[in-house]
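Let me put the model up, and then I'll walk you through it.

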Amino acid sequence: MRKRILITGSTDGIGLVAAEKLCQSGHHVILHGRNANKLEDRIDDFKLRLGEDSCEGICADLSSWTDLRAFRKIISTLGPRIDVFVNNAGVFKSSQPILDTNLDLRFMVNTLAPYVLSKAAMEMMCEGKRIINLSSAAQASVDIQALRGDRRLNDNAAYAQSKLALTMFTTYLAKQNNPKNQVVVSLNPASFIGTNMVRDAYGMEGKDINIGGDIIVDTSIGERFANANGMYFDNDRGDFSDLHPDVHDEDKVKTLIRTFDEIVGEHL
Ligand SMILES: NC(=O)c1ccc[n+]([C@@H]2O[C@H](COP(=O)([O-])OP(=O)(O)OC[C@H]3O[C@@H](n4cnc5c(N)ncnc54)[C@H](OP(=O)(O)O)[C@@H]3O)[C@@H](O)[C@H]2O)c1
């Protein structure tokens, strides 16, 4: 059956590869990007090569609360028609890692925006649909002061903390806040895949980008993920894997969710 799949950060990297593969299999993809021209180019290219009805697009910079608010509003109308929502957009390194709001860009794009979008998607999407959140093998315990913008972190720490925070809220939403029995999953697509992120961060070419594209496709539509609610798939191992101990620490999860809600409440 033809599915409608929204992938954030699908103007480049593994999100773009997954989007193309899904369109090639006949699914309809909603591409998302932060750069309007780049997004338009990707849409034109897909429509030309993969069919006029292969895709559509949403433009939103996930480091902007204004754009995030607008994106959330779009989900409130589009949500009931979406089968799979993939929070894939992410950032590791930037020349300006601290935003005007004093928040770290990595927490904003990799954690707070996916938290807002996951909640909106779960509210609006139908029974049993899938939400996939891109995690990482790099996971480190979250410094709440750093999350609030009261302490600075280096790139590695900010990225790893943002990804554990995402994994913690993903399992929390999957288990505690999931009345429609949706399938909410954290995914490490594999480490050191050859994308802009890895080239910029580590100065290496990295692994075949199809490894990341294929696992996003599988997680989005594959049968083996149909009952994976709350689980973490580690594509470095090619299997489901144990979650970081902090995901099971009720006090840490409670503090994290409370902090998210305070920050989001202040800005949205
Ligand atoms: N590559 C790996 O080895 C690896 C390993 C573990 C996890 N991951 C995760 O996989 C996901 C995809 O990463 P990738 O390797 O494909 O990286 P990438 O090639 O750098 O792609 C990242 C995507 O996110 C978008 N993006 C970045 N900042 C944004 C913002 N402020 N607002 C909206 N979109 C934004 C980028 O937009 P532009 O097209 O405009 O740049 C791009 O489409 C990330 O969540 C990453 O953490 C990757």
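I'll go through the sheet, then the helices, then the ligand.

Two bits of housekeeping. This is a predicted model, so you know: local features need pLDDT of at least 70, side-chain atom pairs count only at pLDDT 80 or more, and totals for chains, interfaces and linings use all residues. Residues are numbered from 1 along each chain as its sequence is written.

Strands and helices here are DSSP runs, E of at least two residues for strands, H or I of at least four for helices, numbered from the N terminus. Two strands pair if DSSP finds at least two bridges between them. Strand 6 (183-188) and strand 7 (232-234) pair in the parallel sense over three bridges, and Ser186 has Tyr232 in strand 7 as its bridge partner.

Now helices. Helix 6 (155-176) and helix 9 (250-267) have axes that come within 10 Å and cross at roughly 100 degrees. Axes are lines fitted to C-alpha atoms, for helices over the stretch in contact, with angles from 0 to 180 degrees between N-to-C directions. Helix 6 and helix 9 are therefore roughly perpendicular; that label covers 65 to 115 degrees.

Who meets whom? From helix 6 we get Ala165, Met168, Phe169 and Tyr172, and from helix 9 Val253, Leu256, Ile257 and Phe260. Contact means C-beta atoms, placed from the backbone, within 7 Å. By class, that's eight nonpolar, no polar and no charged. Nonpolar is Ala, Val, Leu, Ile, Met, Phe, Trp, Tyr, Cys and Pro; charged is Asp, Glu, Lys and Arg; the others, Gly among them, are polar.

Last, the ligand. Of the 30 residues around the ligand, Gly9, Asp12, Gly13, Gly90 and Thr195 come nearest, where a residue is near if its C-beta atom, placed from the backbone, lies within 6 Å. The shell has 11 nonpolar, 15 polar and four charged residues.

Definitions and conventions
Angles under 35 degrees count as roughly parallel, over 145 as roughly antiparallel, 65 to 115 as roughly perpendicular and the rest as oblique. Two residues are in contact if their C-beta atoms, placed from the backbone, lie within 7 Å.
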